[in-house]
Amino acid sequence: MTKVAILGSSGYLGSFLVQSLKQKFQIISHSRNKIIDKNFEKKIYKEVVGDIKKDKTINDILKQKPDCIIYTISLNHIESEKNIFKSLENNFLPFSRLIQKIKKKKYKTKIIYLSTMQVYGREYNQKIIKESYPKNLDNIYALTHSMCEDLLMSYRKKIDFHCLRLSNTFGMPVLKNINCWWLVINDFCKNSVENNKITINSDGTALRDFVTLDTLSQVISKLVKTKKIFPFINVCSGKTFSIKEIAYRISKNSFFRKKKIKVEIKKKIKSKKKRFLYSTENLRKLSIKPYKDFDLNITQFLKCLKNQ
């Protein structure tokens, strides 16, 4: 069975990938601290605990001879913007050391790196944003992810890799202690269930693309065994919503039936934003339909929140 190492298994994305992929692959789970959760630990092939900044941890991971490494480690956008040196120390340097070791030792392992749509910036001069669209790095978070992408590109003849540029993910966290409730849809769903209210702290006009954790898992599951194809893939729904639109869409979800969910917008509308779409062409080549059952996914998320 294919060995897949998931680096950052205690995080929001990493923990979900461990849970969803361990039925298909032998999972090597890496986290900085040991994860205490009996259900999570079931059917994990090997657990590596240690700080990814240390060579010993990287060596311990590579000793397991993974066929594929999924790299999910990064400070979130908010934390990344606080200090560029701390961001480089966490978001780029450990990844760089890992890649250097793989190159030096000539390990035959595929890299799946989780990047971000933010490498494209926020202002677009085209309606459809393909993977070939020029980068516009306007924040530290985007900068550090772009550096990791560029590092992989510099070794493209020696290392098989895919960079997944993620839009805004949503879904129920696997581990209870994960703070993922600042994410837009997660926040709106949680507050609609607990408080019968959704609060938008902006004017609600900002445009976003949202994609489920399940879609991310499906993409990675296909890429693990896929031979070299396109290096960059937009992982998105291919649909754009304003923050206001997604709030009202959640408030009217069938889960609530006749129950009324109030949507409160804190600021007056300043200006309308120009619509754009992230291309899903590469996803379709993998036979993935990311927007399918979008509202059903919201319903299932709301049910999980209600039953937790």
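# Packing, aromatic pairs and backbone in a predicted model

Trainee: At 59% relative accessibility, is Ser287 buried or exposed?
Mentor: The model is predicted, and the values here are computed from it. Exposed residues have a relative accessible area over 50%. Ser287 has 59% relative accessibility, so the residue counts as exposed.

Trainee: Which loop holds Ser287, and what is the value of phi there?
Mentor: Ser287 is placed in the loop between helix H10 (281-285) and helix H11 (294-307). The residue is not a glycine, yet phi is positive, with a value near 65 degrees.

Trainee: Lys43 also has a positive phi; where is Lys43 placed, and is the residue buried or exposed?
Mentor: Phi of Lys43, a residue other than glycine, is near 65 degrees. Lys43 sits in the loop between helix H2 (38-41) and strand E3 (46-49). With a relative accessible area of 61%, Lys43 is exposed.

Trainee: At roughly what angle do the axes of helix H1 and helix H8 cross, and what is the handedness of the crossing?
Mentor: Helix H1 covers residues 12-21 and helix H8 residues 213-223, and their axes come within 10 Å. The axes cross at roughly 60 degrees. As H1 passes H8, the crossing is right-handed.

Trainee: Which residues of H1 and H8 make this contact, and how many of the contact residues are charged?
Mentor: H1 contributes Tyr12, Leu13, Phe16, Leu17, Ser20 and Leu21. From H8 come Leu213, Asp214, Leu216, Ser217, Ile220 and Ser221. Eight residues of the contact of H1 with H8 are nonpolar and three are polar, while the number of charged residues is one.

Trainee: At about what angle do helix H7 and helix H9 pack, and how far apart are their axes?
Mentor: Helix H7 spans residues 184-195 and helix H9 residues 243-251. The crossing of H7 and H9 is right-handed. Their packing angle is about 35 degrees, and the distance between the axes is 10 Å.

Trainee: Which residues meet between H7 and H9, and how many of them are nonpolar?
Mentor: On the H7 side stand Val184, Ile185, Phe188, Cys189 and Ser192, and on the H9 side Ile243, Ile246, Ala247 and Ile250. In this contact of H7 with H9, one residue is polar and no residue is charged, and the nonpolar residues number eight.

Trainee: How many aromatic pairs does the structure hold, and what is the geometry of the pair of Tyr124 and Phe276?
Mentor: The structure holds 14 aromatic pairs. In the pair of Tyr124 and Phe276, the centres are 4.9 Å apart and the planes stand at 70 degrees. Planes over 60 degrees apart count as edge-to-face, so the geometry of this pair is edge-to-face.

Trainee: Where do Tyr124 and Phe276 lie, and how many residues apart are they?
Mentor: Tyr124 is in the loop between strand E5 (110-116) and strand E6 (128-129), whereas Phe276 is in the loop between strand E14 (262-265) and strand E15 (277-278). Tyr124 is buried at 12% relative accessibility, and Phe276 is buried with a relative accessible area of 8%. The pair links distant parts of the chain, with a separation of 152 residues.

Trainee: Tyr124 also pairs with Tyr278; how many residues apart in sequence are the parts that this pair ties together?
Mentor: The pair of Tyr124 and Tyr278 is edge-to-face, with 6.2 Å between centres and 75 degrees between planes. Tyr278 counts as buried at 5% relative accessibility. Because Tyr124 lies in the loop between E5 and E6 and Tyr278 in strand E15, the pair ties together parts whose separation in sequence is 154 residues.

Trainee: Which residues form one aromatic cluster with Tyr124, Phe276 and Tyr278?
Mentor: Tyr124 forms edge-to-face pairs with Phe276 and with Tyr278. The one cluster that holds Tyr124, Phe276 and Tyr278 also includes Tyr120 and Tyr133.

Trainee: Over the face of which ring does Lys22 lie, and over which does Lys190 lie?
Mentor: Lys22 is at 6.0 Å from the centre of its ring, that of Phe40. Lys190 is at 5.6 Å from the centre of the ring over whose face it lies, that of Trp181.

Trainee: Which residues does Ser242 touch, not counting residues up to four places away in sequence?
Mentor: Ser242 lies in strand E13 (residues 241-242). The residue is buried, with a relative accessible area of 9%. With residues up to four places away in sequence not counted, Ser242 touches Gly204, Thr205, Ala206, Leu207 and Arg275.

Notes: Residues numbered from 1 in each chain as written. Predicted model: local features only at pLDDT ≥ 70, side-chain atom pairs only at ≥ 80, totals over all residues. Heavy atoms only, no water. Axes fitted to C-alpha atoms, helices over the stretch in contact; angles between N-to-C directions. Helix = DSSP H or I, 4+ residues; strand = E, 2+ residues; numbered from the N terminus. Left-handed = near helix turned anticlockwise from the far one by under 90°. Contact = heavy atoms within 4.5 Å. Nonpolar A, V, L, I, M, F, W, Y, C, P; charged D, E, K, R; others polar. Phe/Tyr/Trp six-rings, centres within 6.5 Å; stacked < 30°, edge-to-face > 60°. Buried < 20%, exposed > 50% of the residue type's maximum accessible area, 1.4 Å probe, protein only. Lys NZ or Arg CZ within 6 Å of the ring centre and 35° of its normal.
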